[in-house]
Amino acid sequence: METGTPRVGEGTGRITAGLKIDQLKYLSSEADDPRMHAIVSVRVDGTGGVGRPDGPVLAQVLAVDCSSSMTWPVEKLHAAQQAAVAAIRRLPDGTPFAVVRGSERADMAYPDTPRMAQASARTRARAERAVHGLVAGGGTCIGAWLDLSRRLLTEQDAPIGHVLLLTDGKNQHDEEMPLARVLEDCAGRFVCDAWGIGDGWDGQELLRITRRLHGSASSVREEAALPAEYERVMSRLLTKTVPEVAISVTPMPGGAVRYLKQVFPTEAELTAQEGTGRFVTRAWGDETRRYQLCLSADPAGRPHGEDLQLAVVAVDVPGGEVRLPPPQPCLVHWTDNPALSRHTDAQVDHFERHRRLGEAIAAATDAHRRGQRDLAEQQLGRAARLAHAMGAAEQLGRLSRLVRIDDAEAGRVALLPEVAAIDFQHLIAASSRSTFGPESGPESGSGVGGAAGAEPGGGATVSCPACSAKAPVAARFCPACRHPFQERR
């Protein structure tokens, strides 16, 4: 079932927000712990060219790993310097920015005092000279880098704060500034994208940072690729002109919010503001994001055999003139018919597979680190099977760097003999980026799936030939009537 449709501002010149809920409403009244899962799709449109009349929208910190491991190979530090320079050159005039030198502590590379400069031809040139003068030495304490970034950004009134963090190593000196504590302090203050370079970084650590700070984890296999990647990151970032979008979930009597988490285009943790069901998301351009909502439900004293409102979901954009969509209901229909209650919404099932795919990759990484190649191969086979079931060609392509895929549908793979530990880290970093439909990839968050048959402003769907209900393009069966889709052409 789906309720509501995101609307876009076609030619209105005004920012609009859209809201759509996909769910199967039937729950068994005999279940021990009934939970309703739904996918909440939120879209923002019409942000192009929208600026801020009283100042810049973005404040940018570049955190560059300058630990001693960056000295070898020598191309690594050079690539980091070139990438930082590429990002600096993309900053519009007036943008507050700073460069942080990261080691077992955090130091200012530019400016030379703990403040941010305003981008101009003069400050950009000075920053480039400072970046080219960076010298590697010392250890790694990522918490210190993020803490200094937080303090710098706190002093700025630009509504979007962003940190672009690069590391080539593990967080060896965590005791100096514990990352867990720093992430709590930084959450909600800025967005962080984290990059791995070289062969010593920890993919799970990057995911820990970016999921908490609503960014994405990425990596490069070749050092020379980093500057172009930084340019692409900055180009996307500069399209973000809406500082925040809030999603409010109001449960009805008999319902409670278990969680709301972002599942597309990247995975991110969301925490409700204290005492409310209001979840704040940050830094939007023209894009669609999808969230998995889990509600607990109590059938006691509730009517059976009819649609009941379990919660109301609403979207608002603080401080801006934005055309908002009407609130949308999340429904429950209590039933004793197992033919209705045993099925899961196709979108919920799709993102559940993504979650299990990430778990399989993490398990394979742990097994390989312990020297258990057979177990690693087994888990990568499980990952291939899940990726095939989702029609996720990009994930299968990444897996093929580690295994020979003999039968993706059956999960039959063979671990390649030359696989190294760092290959698993690249796979982990990429696992936070999800798909919606078989052709969507890491850049498809700016659309609604990118597949033929997408409804304007809505999800990428096809019509069931048996009952005409809508289903995601990745679905193997109709969520309404269970008609198999393998036969469609």
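Start by selecting Leu-165, which, once its neighbours within four places in sequence are set aside, is in contact (heavy atoms within 4.5 Å) with Ala-63, Ile-142, Trp-145, Leu-146, Cys-192, Asp-193, Ala-194, Trp-195 and Tyr-230. The model is a predicted one, in which local features need pLDDT of at least 70 and side-chain atom pairs count only at pLDDT 80 or more, while totals for chains, interfaces and linings use all residues. Residues are numbered from 1 along each chain as its sequence is written, and side-chain values use heavy atoms, with hydrogens and water left out.

A nonpolar core is here a set of buried Ala, Val, Leu, Ile, Met, Phe, Trp, Tyr and Cys residues joined through side-chain atoms within 4.5 Å, and buried means under 20% relative accessible area with a 1.4 Å probe, protein chains only.

Of the 489 residues of the protein chain, 55% count as buried.

Select H3 together with helix H4 (residues 179–186): they pack at an angle of about 20°, with their axes 9 Å apart. Axes are lines fitted to C-alpha atoms, for helices over the stretch in contact, and angles run from 0 to 180 degrees between N-to-C directions. H3 and H4 are therefore roughly parallel to each other, a label given to angles under 35 degrees. Show the side chains of Ile-142, Gly-143, Leu-146, Asp-147 and Arg-150 in H3, which meet Leu-179, Val-182, Leu-183, Asp-185 and Cys-186 in H4.

Move on to helix H8 (residues 346–369) and helix H9 (residues 373–390), which pack at an angle of about 160° with their axes 8 Å apart. H8 and H9 are therefore roughly antiparallel to each other, the term for angles over 145 degrees. Among the residues of H8 in this contact are His-350, Arg-353, Leu-357 and Ala-364, and those of H9 include Leu-375, Gln-379, Leu-380 and Met-390.

Stay on H8 and centre on Val-348, which lies in that helix and counts as buried at 5% relative accessibility. Leaving out residues up to four places away in sequence, Val-348 touches His-37, Ala-38, Ile-39 and Gln-292. Val-348 and Ile-39 are 309 residues apart in sequence, yet 6.2 Å apart in space, C-alpha to C-alpha. Across the protein chain, residues 24 or more positions apart account for 71% of the contacts with a separation of 6 or more.

Finish at helix H11 (residues 421–430), where Asp-423 lies. Asp-423 is buried, with a relative accessible area of 14%, and, neighbours within four places in sequence aside, is in contact with Arg-221, Leu-402 and Glu-418. In H11, 9 of the 10 residues are buried, so this helix is largely enclosed by the rest of the structure. To see what covers the buried residues of H11, display helix H5 (203–212), strand S11 (217–219), H8, H9, helix H10 (393–399) and strand S19 (412–415), which are included in that cover.

Note on methods
Helices (H or I, at least four residues) and strands (E, at least two) are DSSP runs, numbered from the N terminus. Angles under 35 degrees count as roughly parallel, over 145 as roughly antiparallel, 65 to 115 as roughly perpendicular and the rest as oblique. Buried means under 20% relative accessible area, exposed over 50%, partly exposed in between (1.4 Å probe, protein chains only).
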